[in-house]
Every structure is written in C-alpha cells, then in structure tokens.
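Open the model in your viewer and keep the selection panel at hand. Each stop below gives something to select and says what is there.

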Amino acid sequence: MKSIALFTIMLLLGSLPAHSQKRLTSETEAQKTERLAWWTHDRFGMFIHWGLYALPARHEWVKNHERLTNEDYQQYFDAFNPDLYNPAEWAKMAKAAGMKYAVITTKHHEGFCLFDSKFTDYKSVNTAYGKDLIKEWVEAFRKEGLKIGFYYSLIDWHHPDYTIDSKHPQRVEDAGKYQELNKGKDMNKYREYLHNQVRELLTNYGKIDILWLDFSFPGETGKGNKDWDSEKLIKMVRQLQPGIIINDRLNLEEFADGWDFKTPEQTRVPEWPEVNGSKIPWETCQTFSGSWGYHRDEYSWKDPKQLVSLLIETVSKGGNLLLNVGPTGRGMFDDRAIQSLEAMGNWMKFNSRSVYGCTQAPESFAVPENTLLTYNPSTNRLYVHLLDYPLQTLRLPGYKGKVKYAQFLHDASEIKFSDAKSYMVNGKVMGTNDLKLGLPVTKPHVSIPVIELILE
Ligand code: GLC
C-alpha cells in the first residue's frame, strides 16, 4: 500500500512540469509518442538545401554575408536553370545511404520558392527551368518509399513587407534606425503570405510527414512567435496534416506541444537532451562540410568514419540524424557528397540493425572502452560499436550473466566469450563480473565494426 502511494507521488511529480505548461491541443504524451513512432524508429534522414544560392556557391547566407540587395541578387534568379535535375537519382542515393526520410528547402531565407505558389512570382516556375521543383521531388522520393519533409523559412530576405531586422542583409548597426528604415513595410502582409504559403505546401502535395520551420530569434531587433503568429500557424498545420511532425523553431517553448522535437544544429550533444527533467525527441542536423547550400570552395569535409560515428553516437543518445546535401546549380549532388553517402551506405548495408529501432542502452550496461552502445528494446539486443579496434579481447564490464550469444553484425560470425579474470586496483579486487570477448586479430573490413549481443 505504502509503495503504491509512493509510486503515485513520484508519477505525479514526474509529470507535473509537462502538465503545468500551457497546451495548444489535447494530445497526450502517449499519443505524441505514437505519432512520432515511425520517425523515432527510422533515425536517419537527408536534409537538402537548395536554392538560388547554389549559383554563387559560397554559402546559403551569401545574401546576408555580403549584404546584397534584391537587385544584386536578381542575377542568380535570371541564371537559374538546373538542367541536370533528376530527383529520382537523389532519392536512390538517399535510400542507398540508409536514409528513411528527407527534408527539402521549399524556400530558404533568400525567399526564392522551389514550389509553385499563387502568392509570389519569385519561384522556380518563373525561371528558365520553368517547373515546380518540389512537385517532382515529392513524387520521386515517395516512389523510393522515403517519408516527405518540407523545410520552410520563416525568415524572408526578398519579400517587400518583411521588415529589416538584425539578421537581414540590409541590417544597420544603430538599432534606433529600424523604425525609419521599415516605413511602409507591413509585417501583417508578410505574415499572411507566410500562412498562405504554408497552407499551399500542406494542401497541394499530398501527405507531408515533417514540417521544418526555420527560425525564430526573438528580441527587439529580431522576430518570434508574435511576428509569425506561430500559435495560429501551428494550429493550421495540425489541422491540414494531423499526423505531421514539427520542429521546434516557432518560438512556442511556453507550450508543452508547441514543438515535437528539438533540433541541435551542428553540435555534439553531451547526453540525451531533456526538458523539465524528461528526455525529449531530438534530431541533430549536420552538414558534410561547413555549409548547407552548395559551397564550391569549402574543404572541411568530415571523413566517412566521422560520419558513421556521428550517426551511431546520435542513436546512442536517443536521437535522429538529418544529414545535409547542398546540390549544385545544375541540380546535381556534389561529388564529395556522393562519396560520403556511398560510405554511409556501405556501412548501413551491413550494420543498420544497430540503428533502426534502436536507442540509448539501459544504464545497467556500462560502456566498454572506445565503444558506443545502442540498444533495441523490442529485440532485446545490445550493439557494441568498436570505434578503435582492440587487440584480440574486449572487456565488457559487469556483463557476466547478461549475454546469451555474441556475433559480429556485418557477417553474423560468432564471437566467443568467457568470464574475464579479476584484477587489483589500489588493493581492491575489480572486474569480478566482467565478460571477455575473443576477437580476431585482423580488423574486419568495416569502418566501425559492430558486435551484436543477444541478451538473456
Ligand atoms: C539555420 C540556418 C540555415 C540552415 C539551418 C539548418 O539556422 O539559418 O541556413 O538552414 O539552420 O538547421
């Protein structure tokens, strides 16, 4: 009786923060988990940043970095003609890399629309290419069985009514000057444009699985939920596409359901991120190199092993990885991106079982030296990823009695194990519950070999 009471108190305490927060819908946490189930299972997606900025080829923020005006930027619109664009090829490459969903920029901060919109002329249909790029993309990716995500920039550096702010190409040093500068601009009109375009995107292309809105920077010379009318926007989105999964950049943090997942960008999270003491769904978005848009002269590319370990580490902390490609102005993936995707695919072909459906390992399993652990709760299998291939044995601290069978994942070859010898540290006996895996001397031909432990 006493323990039931204690449990109830703990349960209440644990769920208090979430319940005390405001909500926009009546969805329960369990229903949310169910809605996100496919995404949490799939773990790995492709981000695509494509727009006019592929032509200057020096970062998607080029308009901002170089403080270009609409007139300066017009030359890229005039020259845009991705004659080699073949989204079927892109979709095949994404799938072969092991990616299960993809998110494409339908409009980035530059304001150029890759989709056909009734509300602007600034769109791919009006370029020399003459077509709705998004329509073709959606069809191709769906055909390969990939889930469909739309990125849409809340920020717009082209729309005449979008007020100049601290992140705008025409920004000024003196914050007092913005009022004067923005005379005649009407954010109400921009807001309406933004809502209209999101409605188009979620009405004209069938079922959309993910919406990635980017981004808010509240403050005196910034923009946030009031500027976008985020509450109304998210309600419309949920009404148009009830199953959709939405990122966290609408500045609706005050609502428990103002976002579905967190989006740590280009960083390594130290541990599974939490909000109010609860672990939350998260996805890190990362580039192969330093830029999201095609950047010809950027050379800081991650190598294949770094990429594979980024994916594993993400899953080992309960997250997803959205890995970005910036196609060229001809509509092709960068050669360097193709090679990286192939490397991911080579690893995933034999090791994806340690990624799909996997998550952080239970705390009762210590992490052996130089490894990353993932765990599949439905099959009760633990995956030990060997970042640094050990010499002949690997010690599994405290694993005695927990393992039924062990094998390499890539070739299903048995790995023998036995109880490890204890040892002394500062007069204390250590390792009495350790297991010892016997590994072949030669490292298998896998960038990061994985040992699959079938648990008792
Ligand atoms: C950003 C950037 C950007 C990129 C993105 C991806 O905040 O403005 O160019 O699209 O996030 O996460």
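The tour goes from the domains to a sheet, then to single residues.

**Before you start**

This is a predicted model: local features need pLDDT of at least 70, side-chain atom pairs count only at pLDDT 80 or more, and totals for chains, interfaces and linings use all residues. Residues are numbered from 1 along each chain as its sequence is written, and side-chain values use heavy atoms, with hydrogens and water left out.

**Stop 1: the two domains**

Colour residues 2-354 as domain 1 and 371-455 as domain 2. These bounds come from an automatic or database domain assignment. The C-alpha centres of the two domains are 38 Å apart. Now show the interface: twelve residues of domain 1 are in contact with 15 residues of domain 2. Contact means heavy atoms within 4.5 Å.

**Stop 2**

Switch to cartoon. Helices (H or I, at least four residues) and strands (E, at least two) are DSSP runs, numbered from the N terminus. Find the open sheet of seven strands, in the order β5-β4-β3-β2-β1-β9-β8, with parallel pairing. Its edge strands are β5 (245-246) and β8 (283-287), each pairing on one side only. Two strands pair if DSSP finds at least two bridges between them. Strands of a sheet pair through backbone hydrogen bonds, either parallel or antiparallel.

Walk across part of the sheet:

- Select β2 (residues 101-107): six bridges join this strand to β3 in parallel. Tyr-101 stands opposite Lys-147 in β3.
- Move to β3 (residues 147-153), where six of the seven residues are buried. Buried means under 20% relative accessible area, exposed over 50%, and partly exposed in between (1.4 Å probe, protein chains only).
- Go on to β4, which pairs with β3 in the parallel sense over five bridges. Gly-149 has Ile-210 in β4 as its bridge partner.
- End at β5: β4 (residues 210-214) pairs with this strand over two bridges, again parallel. Look for Leu-211 opposite Ile-246.

**Stop 2: helix α11 and its cover**

Select α11 (residues 230-240). Its buried residues are Ser-230, Leu-233, Ile-234, Met-236, Val-237 and Arg-238. What covers them? The cover includes α2 (29-35), α9 (187-201), β4, α10 (225-228) and β5.

**Stop 4**

Select Trp-228 in helix α10. Is Trp-228 buried or exposed? This residue is buried, with a relative accessible area of 0%. Its contacts beyond four places in sequence include Leu-154, Tyr-162, Leu-194, Phe-215 and Leu-250. Arg-191 is also touched. The C-alpha atoms of Trp-228 and Arg-191 are separated by 5.7 Å, although the residues are 37 apart along the chain.

A cis peptide bond joins Asp-214 and Phe-215, with omega about -15°. Most residues other than glycine have a negative phi, and most peptide bonds are trans.

**Stop 3: two positive phi values**

Select Asn-251, in the loop between β5 and β6 (274-275). Its phi is near 65°. Asn-251 counts as buried, at 14% relative accessibility.

Then jump to Ala-412, in the loop between β13 (403-408) and β14 (417-419). Phi here is near 50°. Ala-412 is partly exposed, with a relative accessible area of 48%.

**Stop 4: a buried lysine**

Select Lys-63 in helix α4 (residues 62-65). Lys-63 is buried and has no salt bridge. A salt bridge is a side-chain nitrogen of Lys or Arg within 4 Å of a carboxyl oxygen of Asp or Glu. The nearest side chain of opposite charge is Asp-156, 6.8 Å away. Lys and Arg count as positive and Asp and Glu as negative; His and the chain ends are not counted. Show the neighbours: among them are Leu-68, Tyr-73, Trp-157 and Pro-169.

**Stop 5: strand β12**

Finish at β12 (residues 393-396). Leu-394 and Leu-396 make its covered face, Thr-393 and Arg-395 the uncovered one. In a regular strand the side chains alternate between the two faces of the sheet. Four bridges join β12 to β17 (residues 435-438), and the two run antiparallel. Leu-396 has Leu-435 as its bridge partner.
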